[in-house]
Amino acid sequence: MPKNSHAAPPQPAEDIRTGMSVESIRRAFLDNLFFVQGRFLQVASSDDEYKALAFTIRDRMLQRWVATIQTYQKTNCRTVAYLSAEYLPGPHLGNNMLSLGITEVAREALAELGLDLDALIAYEEEPGLGNGGLGRLAACFMDSLATLQIPAISYGIRYQFGIFNQHIRDGWQTELTDTWLRFGNPWEVRRPHVAYEVQLGGHTESYLDDNNRYRVRWVPHETFRGVAIDTPILGYGVNTVNALRLWSAEAPESFDFHAFNTGDYFGAVNREIRSETISKVLYPNDEPETGKRLRLLQQHFFVSCSLQDLIRIHQTTKLPLTKLHEKFSIQLNDTHPAIAVAELMRLLIDIHQLDWDEAWGVTSRTFAYTNHTLLPEALEKWPVEMFESLLPRHLQIVYEINARFLDEVRLRFPYDADRVSRMSIIDESGPRWVRMAHLACVGCFAINGVAALHSRLLQETVLKDFHDLWPNKFSNKTNGVTPRRFMMLSNPGLTALLDRTVGRGWARDLDRLRQLEEHADEPAFQEEWRAIKLDRKQALAKLVQERLGIEIDPTSLYDIQAKRIHEYKRQHLNVLHIIALYSRLKRNPGLDITPRTFIFGGKAAPGYHMAKLIIKLIHGVGDIVNRDPDVAGRLKVVFLPNYSVKLAQWVYPAADLSEQISTAGKEASGTGNMKFSMNGALTIGTLDGANVEIRDEVGPENFFLFGLTAEEVERARADGYRPYDVYESDPELKDAIDLLSSGLFARGDRELFRPLVDHLLNHDSYLLLADFASYIECQDRVAEAYRNPTQWTRMSILNAARMSKFSSDRTIGEYCRDIWHASPVPVKLP
Ligand code: F58
């Protein structure tokens, strides 16, 4: 019998598909390799091995999935439906093994076959079905919903091509197609019978039905089909498996026989090609949203399939549709699914024959809306003409919702015509637009922001009129992240130390980490803490060496900024600090500075030229700094290409310093800030988004604060902010900007970075120059603090110890309590 130190001895009756012993896993692996992959060990490729293991793990999840569905059906429980155009779940294999508690058993089983578990985990390509924070938040929420045993189903789009792969050529970002489905996806289960038709275009006709009631019929121009493809999402340490149901677009029937028979072979095939386009590719968050017909079509497509599916599920309960809101709470992740308000009205009225008031009664009690941005350019709106040409029936419904809504506004605020036009769902100030955030506010019973500051600013600015009208709809739900993926899975060394110190189970009850405070000053504990950090820093150094051929020093301060590249996030403020340090060293080569490694990661939207120029700048500065013997051993600059969830799991644990330096008032919440702190990084940050609450939790003495507040930013703008004056009055800033303009970082080309410099000196929309002095002063304090390892380690421990508020379990608990009114439904295995 093989040695087996982690699990009970194999039961003779243990099922090969569900058994949890080393022996069962080993046999199941070989079985899947043979009968699913058609291979045997001697000839298996990495892909074969990875899939054999994935199917082995999936089998065990399917058992729990079936038990979950049966439990949900039996209890007819209240269910959360989460609608999101984006999901960034990260690689599944490691996480699923963690949730099942089977990682070490699998490691042993594979080792017996001469295979390395970590290599198979590393092999997996992740589904990049999102741009950044919003999609990753949806994935953390799915993890928490399942872990808290909340009945939930998440809906989205199964993009064939996810977020582009970022390559760097000569310091410039180039985009390559993501082909995550190339070798198939072992985690998904296709449900060909769960499919719905989705209409598009055409016109509407009114008629009187048999009861002489006025009705509208939509005569669409085209029909598509959406097919469900499910991915099981297992909670940590429980049997709950919720579904991530993604829709894939197809032609209604795969072949147009009429066209075929009349000889139009290519026309017949063409229909299918056009249908598939809908779920073909994820939109990167490029600047102007407007005019993108396909994007509106994608939104309508996944929303319509999802609502039809929810209605079907509801009808299996035998309850009338007028009680839909008692069965489901539907959360809209930003406005991307906001068309749901009109689509549910259409389904209830046109298809299921409810009258308007009944339908509105259901709709307005079903949906809740989360806002993720204050940036005016990111608020979705569609040209009325385009909207009408794609969704003529929906436009009629939106008009009717709007007319009734504006009557209510006039009643509450007579004599305030401005308010009426400000609040209208249709913007008529120039060319006409459908404002999706307004549709969401009108059609939802709850509206929330994602951090305390963001929720307050929402109520005071972009959604002020709605807050005046319906203050009770508004609340805050500060974001959180899952400690399972971002602590346990990413940082096994830290996990082992935490297990030993506060006992296992902290990842489901992060409050327990408070016990770490007692150990924050113990030399032995500090020593272990530092050893774990050093180990992760060495691992990242190895990765940097392998991928970029750059050697970095694991004992230097790792100063990391990893997130989408955007001017409001101010990666270029970070670069100005690097230039300032470089300049200090060039002018005074003997200067004793704290050695630092600056690490960046993040994608720029393909059409966002300034963001791409910032990436080029990081490389330009890196090329000079990394080659200059005068600063060797003291400064290094690294850009990690193709930042992803997978890469993030290497980055967070290795960080000493987390850069959260957005212009105050611009970052709705941020979630990377939380992941860094949980892994013991200290934050340098502004009072923006969730930074405010992180600082409150960890204590101001354990957080490096700098910069203007949101109010000061507004005041500076109102008072006619003049960046050029700041440039002229601060010698270190002037020096840094002059060096940037000199061509030094562009091989003598003085034009390359001119757009960047010109914008900073003349506009500086994000107030880099206003915050520069404060940032530099703060960075000097960071450098000083890092020289005292005892003090630094204490701060690092206290950061991790005080992160409980930022577990997505807390966030989901609040959504359940305040918005969804959903409670746990435990699942037992038969
Ligand atoms: C992000 N939004 C916020 N949008 O910027 C961030 O502060 C917050 O922490 C996070 O949401 C979660 O609440 C975000 O990631 C997008 O990526 C959009 C995707 C669709 C196109 C427009 C951008």
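A backbone N or O atom of Ser 669 lies 3.0 Å from an oxygen atom of the ligand, a polar contact in the sense of a pair of N or O atoms within 3.5 Å (within protein, one must be able to donate a hydrogen and the other to accept it, and residues adjacent in sequence count only if both atoms are side-chain atoms). The model is predicted: local features need pLDDT of at least 70, side-chain atom pairs count only at pLDDT 80 or more, and totals for chains, interfaces and linings use all residues. Residues are numbered from 1 along each chain as its sequence is written, and side-chain values use heavy atoms, with hydrogens and water left out.

**Ligand surroundings**

- Glu 667 takes part through its side chain, in which an N or O atom is 2.7 Å from a ligand oxygen.
- The ligand taken alone exposes 520 Å², of which the protein buries 86%; accessible areas come from the Shrake-Rupley method with a 1.4 Å probe, and for residues only the protein chains shown count as cover.
- There are 17 residues around the ligand, and Leu 134, His 372, Asn 479, Glu 667 and Gly 670 come nearest; a residue is near a molecule or strand if one of its heavy atoms lies within 4 Å of it.
- By class, this shell holds five nonpolar, nine polar and three charged residues, where Ala, Val, Leu, Ile, Met, Phe, Trp, Tyr, Cys and Pro count as nonpolar, Asp, Glu, Lys and Arg as charged, and the others, Gly among them, as polar.
- Helix α6 (residues 133-147) supplies the largest share of the shell, three residues; helices (H or I, at least four residues) and strands (E, at least two) are DSSP runs, numbered from the N terminus.

**Nonpolar cores**

- In the largest nonpolar core, which has 181 residues, Phe 387 and Phe 704 touch the most other members.
- Helix α23 (residues 609-627) gives this core its largest share, ten residues.
- Apart from this core lies another, of 55 residues, among them Val 481, Ala 562, Ala 655 and Ala 681.
- A nonpolar core is a set of buried Ala, Val, Leu, Ile, Met, Phe, Trp, Tyr and Cys residues joined through side-chain atoms within 4.5 Å; buried means under 20% relative accessible area, exposed over 50%, and partly exposed in between (1.4 Å probe, protein chains only).
- Leaving aside neighbours within four places in sequence, Phe 387 is in contact (heavy atoms within 4.5 Å) with residues including Leu 296, Ile 339, Trp 382, Val 434 and Met 436.
- In soluble globular proteins, nonpolar side chains tend to be buried together.

**Enclosed helices**

- Helix α16 (residues 436-443) is largely enclosed by the rest of the structure, because eight of its eight residues are buried.
- The buried residues of α16 include Met 436, His 438 and Gly 443.
- Eleven of the twelve residues of helix α11 (residues 340-351) are buried, so this helix too is largely enclosed by the rest of the structure.
- Glu 343, Arg 346 and Asp 350 are among the buried residues of α11.
- Gln 353, which follows α11, has a positive phi near 65°.

**Positive phi in loops**

- Most residues other than glycine have a negative phi, and most peptide bonds are trans.
- Asn 212, in the loop between β6 (203-208) and β7 (214-219), has a phi near 65°.
- Asn 212 is exposed, with a relative accessible area of 60%.
- Leu 767 has a positive phi of about 55° and is found in the loop between α30 (754-762) and α31 (768-786).
- Leu 767 is buried, at a relative accessible area of 0%.

**Individual buried residues**

- Asp 48, in helix α2 (residues 46-75), is buried at 7% relative accessible area.
- The side chain of Asp 48 reaches the backbone nitrogen of Ser 45 at 2.9 Å.
- Beyond neighbours within four places in sequence, Asp 48 is in contact with Leu 33, Gln 37, Arg 39 and Val 43.
- Arg 802, in the loop between α32 (789-801) and α33 (808-820), counts as buried at 14% relative accessibility.
- Among the contacts of Arg 802, neighbours within four places in sequence left aside, are Glu 517, Glu 697 and Glu 701.
- Phe 525 belongs to helix α21 (residues 523-548) and counts as buried at 5% relative accessibility.
- Not counting residues up to four places away in sequence, Phe 525 touches Leu 497, Thr 501, Leu 516, His 519 and Ile 797.
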